[in-house]
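Please look at the sequence and the structure below, and then work through the questions and answers that follow.

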Amino acid sequence: MTAPLYGYGMFGPDTGLVLAVVIGFFFGLFLERGGLGDPHKLTGVFYLRDFTVPKVMFTAILVAATGLYLLSDLNLLDMKRVWVVPTYFWPQIVGGAVFGAGFVLSGYCPGTAVAGLATGRLDALVVMAGIAAGSLLFAVLYPYVEGFYSSSAMGLATWQGLLGVNHWIVIAALSAAAAAMFYFMERFESRDR
Amino acid sequence: MEKRNFWSPYIAGAGIGLALLAAFYVMGWGLAASRAYALVAAVGLKGVSPGYAGSLDYFSGYLKAASPLKDWILFEVFGVLAGALAGAVSSGGFKPRFDRPAGMSTGRRLTTAAAGGILIGFASRLSRGCTSGVALSGGAQLAVSGWIFVIAMFAGGFVVAAVFRRLWS
């Protein structure tokens, strides 16, 4: 087992920065080509008129999840060296809801605003300045929100760990749910036209 | 809304999924975006007022490196800009403009863009990431964080869309 390549010292930090640009390039290319640089498409799901965001998002998650756990099961990737996003239940519920509100108001999220700017949309630049300002605001108010920020910590919780089932059960269940969701979205959209 | 020759959302989603998988395999972490904004804000504040920036506990982690801007996430976001630009230019979609909901005044669009951005920036720090770092990366790891964030995000978005029914309709 020799991956993650960086974690196993296959290359240094400077090569890592070059790879960051390469990986980011494909992320940005697929975001823009999927229509996610366009705020009208990005907000479509919230008005039930364009389901591009959930289609792209859940396809991406399930493709990456399948690949990630397949590589891990084949002993080609050491999951212990992959940084897992920690769970802080209430901060991520409240943060997610506020984020969703900001998403609909502004028409973008942090990654898609960059894609929007790349299509020539200057309103995305205003959103980007706002995101930096909001980050600064968080740092300034941190002493007051630190208690809540650190509350309801669940560590590196995963669904398979929480439910005590094999990770393929989780992936199969999520894939089935996504397939059903996509089916109804396609039907809803074709009825619209 | 302009009609564009976008790719199928499933093809675009699969491409993003493979980019995410590549990040896991090559680096050992996923894609992210919002941290780049916090990093720029921290470095910018330090340039304006080093004393005040140094007094903010939350930014100490961002500013402790010898050259904070030489960070993986900033290079990744630069790549996103380049990749999206290549996509827009090659498909004839690049056009300088100030996009907005139909019929919205420039002043009102500036307000919704800035206010929405501030909410996103604050919420991303509280959640320890955004749609990229928590929803996509955490979601693919089957981490609880990614999925509760996604559900809460859609809930928050639907509430705001229901209140402001004509905003992006």
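Predicted model: local features only at pLDDT ≥ 70, side-chain atom pairs only at ≥ 80, totals over all residues.

B:Gly139 counts as buried because 26 C-beta neighbours lie inside 10 Å of it, where buried means 20 or more other C-beta atoms within 10 Å, exposed 12 or fewer, and partly exposed in between, with C-beta atoms placed from the backbone. Residues are numbered from 1 along each chain as its sequence is written, while chains are lettered from A and ligands numbered from 1 in the order in which they are written.

Q: Which residue of chain A does B:Gly139 touch, not counting residues up to four places away in sequence?
A: Two residues are in contact if their C-beta atoms, placed from the backbone, lie within 7 Å. B:Gly139 touches B:Gly146, B:Trp147 and B:Val150, and from chain A it touches A:Ile61.

Q: How far apart in space are B:Gly139 and B:Val150, C-alpha to C-alpha?
A: In sequence B:Gly139 and B:Val150 are eleven residues apart. In space, C-alpha to C-alpha, their separation is 8.4 Å.

Q: How many residues of chain B are in contact with chain A?
A: The contact between the chains involves 107 residues of chain A. On the side of chain B, the number is 110 residues.
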